[in-house]
Amino acid sequence: MADARDLLPSEQPVQLLDTSGRAVDHPVLPLPHKDRLLAAYESLVVGRRVNDQAGALVRQGKLAVYPSSHGQEACQTGAALALADGDWLFPTYRDTAAAVARGVDPVEVLTLLKGDWHSGYDPHEHRVAPQATPLATQLLHAVGVAHAARLRGEDTVVMALCGDGATSEGDFHEALNFAAVFNAPVVFFVQNNEYAISVPLARQTAAPSLAHKGIGYGIKGERVDGNDIAAVLAVLEREVAAARAGAGPRLVEAHTYRMQAHTNADDDTRYRDGGEVDPWRERDPLLRAEAHLKRRRVLTKARAARIAERAEEVAAAMRAGADADPDPDPSQLFAHVHSRPTPQLTEQAAFLADELSREGN
Amino acid sequence: MAERFTKTSMAQALNLALRDAMAEDPTVYVFGEDVGPLGGVFRITDGITDDFGEERCFDTPLAESGIVGMAVGMAMNGMRPVVEMQFDAFAYPAFEQIVSHVAKTRNRTRGRVTLPMVIRVPYAGGIGGVEHHCDSSEAYYAHTPGLTVLAPSTPADAYWMLREAIALPDPVVFMEPKKLYWGKDEVDLSTPAPGIGTAVLRREGTDATLITYGPSVPTALEAAEAAAQEGRSLQVVDVRSLVPFDDTTVCEAVRSTGRAVVVAEASGFASVASEIAARVNERCFHSLAAPVRRVTGFDIPYPPPKLERHQLPGVDRILDAVDDLQWEDQ
């Protein structure tokens, strides 16, 4: 039985860079290597560009909806970069930047939001589960994937993402409990962005922090400044290593902020002041990383230009993908319900095909 | 591989099916509440942890959504989990996992992620169980696209249908009529598997067709026997595969007699029995001499033990419904 005191998160969220990009000493965690930070910075820039481009595509009517992670790019980049190739990432609908940082083609990520199909990419290709729209349900799948890997003797770690609102769902608690009981190598990474659509954190929990929720399950909690890519990377890499070594699951809460509305369909002026958002602008994860790397002369002008160019290429590919817009094939509606269509589905597919042929399609 | 020809209960047949599947395929894992050393509250997993080890057959924390959600993840990652929901009504906490993930994952991912998993649900009444232990919940699952839903009524079918369910690359909700767990039958387990999606004629007859499944099959057979004594020849079709549904066998049977009664324990409104009646009407109208009748449970929460006999379709109600099938012009 674990001693409850050993499970407590640190008093304050771990921070390795202050808001101006200066390194902050931490008693245990060193600053990640500069090359690692530079790679993370590139991923941050791409993630921000993906968010901005997706927002623009919504405004042009080319995407149905987009839940922006503007401001949360350090969490998403860190979650993806902390994993090895054989590991699994379980993202939510807001974690597009995480999926892209893991290597998923942004055009394929947008399949859901374009309305072509529910999930566009092959989850096995990069070991990224389909983005989950129901809240916290995917955390249990993460436990199952991790447990199956352990049963086969593999050293796979699973990074399971969710938001602050999801920590109120029953499946969050069942997932933490199952992971702990089966010692499954899962890092539960909560991006606490202060809002579940319109409902602020204070309405979500009376716990001292979300990271404290691990204690009830015997899971060590940790808190990290979610807008500090160095801290997110350092903490998640430590937790991934611990899970891989057999120490069981971990719970990490990132303190961050949803800079934009829940989605383009949401009006955040109905539930929060613009004045509340402003202080978070100076905590922007991208500007902080940039200031740090410039200060250390790691981010040269030439390098910054190359990174910006790559982000533009990604955005251009997203625009092209959105324009390509082939009409989805209606026959696909019946193709993947069962491994073999039932006689009833065969009948219904024939009905639809006939209807379409009469429409002249 | 089983090749026994012996007196076997459905509970033993299910146990044997799990063992044979686990012996053949190392990716088959069995878990749920009390399925380990206890062998499950109905003893379906009796001795499996002893014989296969606690990695292969294990107890979980008491949380049905957790059980099904973890099975989803294991199935995503190369395993074939077989999970037990302790009782029909205790499966409801897992409903979101079943409807939003188990049923949809193949479709969402266009076949890139498949979930070969079985959710075993001991279901229905007739055992004097208190509330929340006797629900006929099959319609919830049968209504959900993407799920295969099976309901065996004999030990031999229980064995083979569970083997087929485990081997299927799709998720299966396996409805076990708990009141039939202990009845023994001569069964030849070396006969070939029936094939998912096939109904079976349990009794030949020429005057009317009883269409039924799961716990109501023995009752329908009893009714047919009683009718025979009165000179009426009733045919009995055991649907056994609710999804996919075998329209061909059911409709051929109905066309051969021209009259049909659907018998099922679940409340009748918006039920599997209603679906069967509608399908028969749509397909066999010109062969029917009378409207299709349904004998089902009332539309009430499942009654307490001392009153449950009023809810269950019995021989008399079935025979009354048969009598109602417009044998003569009024």
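Two strands pair if DSSP finds at least two bridges between them. Strands (E, at least two residues) and helices (H or I, at least four) are DSSP runs, numbered from the N terminus. The model is predicted: local features need pLDDT of at least 70, side-chain atom pairs count only at pLDDT 80 or more, and totals for chains, interfaces and linings use all residues. Residues are numbered from 1 along each chain as its sequence is written, and chains are lettered from A and ligands numbered from 1 in the order in which they are written.

**View 1. Strands β4 and β5 of chain B.** Strand β4 (residues 80-84) and strand β5 (residues 118-123) of chain B pair in the parallel sense. Their pairing runs over 3 bridges. Val83(B) has Ile119(B) of β5(B) as its bridge partner.

**View 2. An open sheet of 7 strands in chain B.** The strand order is β3-β2-β4-β5-β7-β6-β12, with mixed pairing. At the edges stand β3 (57-59) and β12 (241-243) of chain B; each has a single partner strand, so one side of each lacks a neighbour in the sheet. On average, neighbouring strands are turned by 20 degrees against each other, direction ignored. Axes here are lines fitted to C-alpha atoms, for helices over the stretch in contact, and angles run from 0 to 180 degrees between N-to-C directions.

**View 3. The side of chain B that touches chain A.** The contact takes 39 residues from chain B and 33 residues from chain A. Two residues are in contact if their C-beta atoms, placed from the backbone, lie within 7 Å. On chain B, α3 (64-76), α4 (95-102) and α5 (105-108) are the elements that give two or more residues. The largest share, 9 residues, comes from α3(B).

**View 4. Met159(A) in the largest nonpolar core.** This core holds 202 residues. A nonpolar core is a set of buried Ala, Val, Leu, Ile, Met, Phe, Trp, Tyr and Cys residues joined through C-beta atoms within 7 Å. Among the residues that touch the most other members are Met159(A), Val187(A) and Phe189(A). Leaving aside neighbours within four places in sequence, Met159(A) contacts residues including Ala79(A), Leu83(A), Asp87(A), Phe90(A), Val187(A) and Phe189(A).

**View 5. Leu176(A) in helix α8 of chain A.** Helix α8 spans residues 170-181 and holds Leu176(A). Leu176(A) is buried, with 27 other C-beta atoms within 10 Å; buried means 20 or more, exposed 12 or fewer, and partly exposed in between, with C-beta atoms placed from the backbone. Not counting residues up to four places away in sequence, Leu176(A) touches Phe188(A), Gly214(A), Tyr217(A), Ile219(A), Pro249(A) and Leu251(A).
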